[in-house]
Amino acid sequence: MYRVAICDDEEKQRELVKRTLIGLSIKTNIEFEMELFHSGEQLAAHYERGEVPFHILILDVEMGGMNGIQTARRIRELKHFDEQIIFLTSYPQYMVESFDVITFQYLIKPVAPLLLEEKITKLCQYFQAQDKKFMVIKSGYDEVVLRYDDIIAIEVAKSLTIKSKLHVITKAQIYESKGIIADYAAALKDSNFLHIHRSIIINLLHVKKFASGSVLMSNGMELPIGRSKIKEVKDYYTKYMIMKGNSYDSI
């Protein structure tokens with residue numbers, strides 16, 4: 001499932017894009033979770049509050065107040081670089097300015113639904129081609145697409161009613177899923193993830209500090225290291241930091 005933000009100050013245009021994506025979903029079985037925003041300020045505030053980010057931003061360029069390009073620039077300033085942006089506009093002269101915020105597509109209004117469908121389909125194919133950077137998990141009744149870099153840790157969750165329950169912890173929220181932790185460890189071992197405990201996998205990108213028997217993550221969580229894994233974890237992390245050309249904190 002791909003999260004899509006549709007930002008336009010005209011309700012008619014927001015609904016047109018929404019209907020186009022619903023139609024595309026029916027044709028292709030690609031699932032979209034859409035949120036509609038009536039201004040650039042509203043969308044920028046979503047990111048400033050640290051709420052769940054989007055995969056795709058469909059932005060009108062000409063809006064009262066903060067225009068589409070200014071909105072995209074603000075989102076990039078907040079270090080969100082993986083969102084793919086599609087601009088919709090009646091004025092082609094804005095195209096050059098839009099390059100500054102890393103744009104996937106620039107479409108001139110009125111946009112034919114079939115053309116927008118084509119561009120969105122290509123964008124979803126791009127995401128699928130980046131499969132080493134994304135993970136799809138089942139959470140409740142939804143399939144959620146997560147960037148590897150946004151995942152802080154995966155841990156076994158205690159449950160009396162759900163077998164093999166997992167918590168997938170991201171920068172934005174914690175997702176409940178099901179699976180075998182060892183299977184995730186095997187699948188992620190070449191992608192900066194490390195199995196530090198029989199029930200915990202961490203993303204080394206989010207490590208702040210290692211203590212003697214635990215690790216502090218970027219979200220403030222302190223996770224235990226299995227006693228039998230302490231030397232292995234320390235050696236692996238040391239090699240990882242050397243490869244990155246950095247030093248690391250430990251106690």
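**Lys171 and Asp150.** I looked up this pair first. In this predicted model, the side chains of Lys171 and Asp150 meet in a salt bridge at 3.3 Å, N to O. For a salt bridge I required a side-chain nitrogen of Lys or Arg within 4 Å of a carboxyl oxygen of Asp or Glu. Where do the two residues sit? Lys171 lies in the loop between strand E9 (165-170) and strand E10 (174-178). Asp150 lies in the loop between strand E7 (142-147) and strand E8 (151-156), so the pair ties together parts that are 21 residues apart in sequence. Strands (E, at least two residues) are DSSP runs, numbered from the N terminus.

**Accessibility of the pair.** Buried or exposed? I took buried as under 20% relative accessible area, exposed as over 50%, and partly exposed as in between (1.4 Å probe, protein chains only). Lys171 is exposed at 54%. Asp150 is buried at 15%.

**The network.** I then followed shared partners. Salt bridges join Asp82, Arg147, Asp149, Asp150 and Lys171 into one network. Within this group, Arg147 pairs with Asp149, with their closest N and O atoms 3.4 Å apart. Arg147 is buried, with a relative accessible area of 18%. Asp149 is partly exposed at 38%.

**Elsewhere.** I noted another salt bridge, between Glu51 and Arg49, at 2.5 Å, N to O. Glu51 is partly exposed at 34% relative accessibility. Arg49 is exposed at 54%. How many salt bridges does the structure hold? I found 16.

**The largest pocket.** I used a 1 Å grid over the protein atoms alone; a pocket is an open set of points with protein on both sides within 12 Å along at least five of seven lines, and lining residues have an atom within 4 Å of a point. The volume of the largest pocket is about 560 Å³, taken as the space filled by probe spheres set on points joined across faces, edges and corners. Which residues lie nearest its centre? Pro53, His80, Arg147, Asp150 and Lys171 do, out of 28 lining residues. E7 gives the largest share of the lining, 4 residues. By class I counted 14 nonpolar, 5 polar and 9 charged residues in the lining. Asp, Glu, Lys and Arg count as charged; Ala, Val, Leu, Ile, Met, Phe, Trp, Tyr, Cys and Pro as nonpolar; the others, Gly among them, as polar.

**Ground rules.** Residues are numbered from 1 along each chain as its sequence is written, and side-chain values use heavy atoms, without hydrogens or water. Local features need pLDDT of at least 70 and side-chain atom pairs 80 or more, while totals for chains, interfaces and linings use all residues.

Conventions: 1 Å grid on protein atoms, 1.4 Å probe; cavity = no way out; pocket = protein on both sides within 12 Å on 5 of 7 lines; lining within 4 Å.
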